[in-house]
Amino acid sequence: MIGLKEVCKVLYLTHIPERFEEVPFENKEQFIRDVLMLEVDARQTT
């Protein structure tokens, strides 16, 4: 099974592996949206 870091590398989601554990889990949709927003925010600030 491929790991999270490898999946994120293939998808060019470089910031997610570093910060996804910071996102609270309320439901699946909220979690994935908030995790993806970490990547969006990181890309906009760099």
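Author: Start with helices: they are DSSP runs of H or I with at least four residues, strands are runs of E with at least two, and both are numbered from the N terminus. Lys28 is found in one of them, helix α3. This is a predicted model, where local features need pLDDT of at least 70 and side-chain atom pairs count only at pLDDT 80 or more, while totals for chains, interfaces and linings use all residues. Residues are numbered from 1 along each chain as its sequence is written, and side-chain values use heavy atoms, with hydrogens and water left out.

Reader: How many helices and strands does the protein have?

Author: Three helices and zero strands. From the N terminus, the order is α-α-α.

Reader: What confidence does the predictor give the protein?

Author: On pLDDT, the predictor's confidence in each residue from 0 to 100, the protein averages 94. At least 70 is scored by 98% of the residues. Helix α2 (residues 16-19) is lowest, at a mean of 93. Helix α1 (residues 4-10) is highest, at 95.

Reader: Why is Lys28 called exposed?

Author: Exposed means over 50% relative accessible area, buried under 20%, and partly exposed in between, with a 1.4 Å probe and protein chains only. Lys28 has 69% relative accessibility, so Lys28 counts as exposed.

Reader: And what makes Glu39 buried?

Author: Its relative accessible area is 3%, therefore Glu39 is buried. Glu39 lies in helix α3 (residues 28-45). The buried residues of α3 are Gln30, Val35, Leu38, Glu39 and Ala42.

Reader: Which residues does Glu39 touch?

Author: Contact means heavy atoms within 4.5 Å. Leaving out residues up to four places away in sequence, Glu39 touches Tyr12, Leu13, Thr14, His15 and Ile16. The cover over the buried residues of α3 includes α2.

Reader: How do you know that the span of α3 is close to the expected one?

Author: The expected span is 1.5 Å times one less than the number of residues. For the 18 residues of α3, 26 Å is expected, and the helix reaches 26 Å from its first C-alpha to its last.
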